[in-house]
Each structure stands twice: as structure tokens, then as C-alpha cells.
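Please consult the sequence and the model alongside the text.

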Amino acid sequence: MNALLLAWKVTLPPMMELITAEQLMEYLGDYILDSKPKEISEIQRLNYEQNVSDAMAILHKLQTGLDVNVKFTGVRVFEYTPECIVFDLLDIPLYHGWLVDPQVGDIVKAVGNCSYNQLVEKIICCKQSDNSELRKEGSIAEQFLSSTATQLTYHGLCELTSTVQEGELCVFFRNNHFSTMTKHKGQLYLLVTDQGFLTEDKVVWESLHNVDGDGNFCDSEFHLRPPSDPETVYQGQQDQIDQDYLMALSLQQEQQSQDLSWEQLPEDVSDLELAKKLQEEEDRQASQFYQEQEQAAAATTQAQDTTPPSVGRQPGGSERKRKEPREKEKGACAIL
């Protein structure tokens, strides 16, 4: 969604400070329906309508995470899943940087043209094989996944830098997380969206120039703009990961509860009773949403009040302490 907003393909009402996931889905759905090509053949029209139908069927998954499976041969190469249709219809390029260096022959042979899921299955099969060559190949593939746990290699970073066009707005996939990415004067930047930056209105972009994620923060004009309190920011980033996971679990449980509730409705229910049921459900969701927002705001305020001042750090310094990368749990919420 951020990529569409930055490209002015979707606009929100002025002074809008809060938007629900359901509203975001409506905006995306409307954009897909309004973007139908004008002059196309009958076959192309039928194919496009089928793609739209498939995309609408899985659009709700954007709230909890899409099934995206990378291949290690190119920054635009993914195993096809229905979720990929969404990016095609939105006309948003999707990239990743988890590539095998073609100069390392044994890894190239071990990984081959496998997707991530296929490679994991291959490793399991190879380790159980009686063939020593297969066991060795499986061990090499396993070592590759272990040594590139950040899901970004230097070869992948070089390919990204050369492939992404200057000024292009796209989406970067890494560790089950989608980030808006652009290229400015030959340098890649990721849009800063972590909760820890809510009070950092001058911090907009973070440079992507190494595999460890230790980038430089910039403002909207790509001028260096270090955060005012890095320690608070990093704690906020960690909290964001935990909250994303909890939100995904909450959405999943809520969906299961709703499905069970609707299944219990009698078949001969009247239109009036059905309308009342829908209104009650909307009121309940709205009440729950605002309660969660108030609790989150209170927790953030309490955390800021109890955060001890940092010692020995120069004001405005750009040095950043990095924590060990932790792979984000699958299913975390991702809004484009």
C-alpha cells in the first residue's frame, strides 16, 4: 500500500490519521478493479478477469502474510503462487536479494533451480540418503541456508542495485517481511515503518548497502538524519516484531471464531435478523479495535516514561548497535 501511496496511484482523505486493515483492503480492491486495461482482446480480457477474481479471493491474506517462495537464481524469480497475482495486478515489482553466487560452483550445484521450500525438502531427503554424494550435496545446501540466514547475500545486493531502476518504487521481500524500496542516485533505500520511529518524523528512509541491515537513516530528501534516540528506536523495532506476530495470531483466532459463529446461523434466518447480526459484528470489531489502540498507546507511553537515559552516547551520533538478526515469524502482518 505504501508503494501505491508514494506513486500517487492511491490517495487517502486529507487529515486521515487512522485507517483499519479492512479499509486498506477496500482501497486495494478498488484500485485493482479501476485498473482494468482498456483496449485488450477477448482472450486477454477473460484472462485478466480470472486474475482479478483469484486476487480478490486471497486479498484478505495481506492482513496476516502472503505465501511468497523465493528462488535463488534471480532477484525477480519467485515460485508461482496465487498471491503473486496481487503484485502483477497492482503493477508493483517484487524483489528479493537471497541469491547464490554463480562463482561458487558447489553451492550452485547443490541449490540448483530450487525454491526455498523445495531446497528444504531436498536437504531432508539428501541427509537420509545412503549415497555419500547426495549427503554431501545436502550438507552444502544446508550450510548455504545457515550462512545466509539474513536472506540477503552480497551477490544479491549487487544484482538488486543493478536491476532496480532509478526512482522506481517497488517491494522488497526479506525474512517474511515486505518493505517499500526505491533507488536514489544509485543507492537503494527502504521505507522506515517500524513502530519505534513513530516520533521520528524526520526519519523516512534507511539505506540498504550491506547484508547486515546496518543502514543509514535519511529524511524524505535522502539527506542523512540519524534518529534522536537510537536505543529507543531499536527497542521499538523489537516490539514491532512481537506485536506483528501477536496481531497475526489474533486475526487468525478472530477469523476462526467468526466462521464458527456464521456456521451456527439457521438456514431460514430472515434478512432483518441477518442485518442485525452484521451490525452487531461490525460494532464489536470497531469497539475491540479502538480498545487495542488505546492499550497500545498507553503501553508506549509507559515504556517511554520508564526508559532509562543512555550513558556515554554522543548526542545525534549515528553509531548503531545491532542485535543478532532474528527471523520474523511467518504469518506476520504485512501491509504494502
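Which residues does N69 touch, not counting residues up to four places away in sequence? They are F78, E79, S115, Y116 and N117, where a contact means heavy atoms within 4.5 Å.

## Basis of the report

The model is predicted: local features need pLDDT of at least 70, side-chain atom pairs count only at pLDDT 80 or more, and totals for chains, interfaces and linings use all residues. Residues are numbered from 1 along each chain as its sequence is written, and side-chain values use heavy atoms, with hydrogens and water left out.

## Overall composition

The chain contains 10 helices and eight strands. Helices (H or I, at least four residues) and strands (E, at least two) are DSSP runs, numbered from the N terminus. Of the 336 residues, 37% count as buried. Buried means under 20% relative accessible area, exposed over 50%, and partly exposed in between, with a 1.4 Å probe and protein chains only. Among contacts between residues at least 6 apart in sequence, 61% join residues at least 24 apart.

N69 belongs to strand β1 (residues 69-70). Its relative accessibility is 3%, so N69 counts as buried. The side chain of N69 makes polar contacts, defined as pairs of N or O atoms within 3.5 Å; within protein, one atom must be able to donate a hydrogen and the other to accept it, and residues adjacent in sequence count only if both atoms are side-chain atoms. This side chain reaches the backbone nitrogen of Y116 at 3.3 Å. A polar atom of the N69 side chain also lies 3.3 Å from the backbone nitrogen of N117.

Q23 is located in helix α2 (residues 21-34). Because its relative accessibility is 30%, Q23 counts as partly exposed. A polar atom of the Q23 side chain lies 2.9 Å from the backbone nitrogen of T20. Not counting residues up to four places away in sequence, Q23 touches M16 and L18.

## Helix α6

Helix α6 spans residues 116-127. Its 12 residues reach 17 Å from the first C-alpha to the last, close to the 16 Å expected at 1.5 Å a residue; the expected span is 1.5 Å times one less than the number of residues.

The buried residues of α6 are L119, I123 and C126. Seen down the helix axis, the buried residues of α6 fall within an arc of 70°, so they line one face of the helix; the arc is that of the directions from the helix axis to the C-beta atoms. These buried residues pack against α5 (105-111) and α7 (132-147). The face turned away from the buried side carries the exposed residues E121 and C125.

## The six-stranded sheet

Six strands form an open sheet of mixed pairing, in the order β3-β4-β5-β6-β7-β8. The edges are held by β3 (94-95) and β8 (217-218), each with a single partner strand, so one side of each is left without a neighbour in the sheet. Two strands pair if DSSP finds at least two bridges between them. The pairing of β3 with β4 (residues 170-174) is parallel, over two bridges; in β4, V171 is the bridge partner of L94.

Helix α8 (residues 154-163) lies across β3, β4, β5 (177-184) and β6 (187-191), running at about 95° to β6. Axes are lines fitted to C-alpha atoms, for helices over the stretch in contact, and angles run from 0 to 180 degrees between N-to-C directions.

The five residues of β4 include five that are buried. Both faces of this strand are covered, with C170, F172 and R174 buried on one side and V171 and F173 on the other. In β5, six of the eight residues are buried.

The strands β4 and β5 run antiparallel and are joined by five bridges. One of the bridge partners in β5 is M181, which pairs with C170, and F173 stands opposite F178. A hairpin with two residues between its strands is formed by β4 and β5, and N175 in the turn has a positive phi of about 50°.

Four bridges join β5 to β6, again in the antiparallel sense, and the bridge partner of K183 in β6 is L188. These strands also form a hairpin with two residues between them, in which the turn residue K185 has a positive phi of about 50°.
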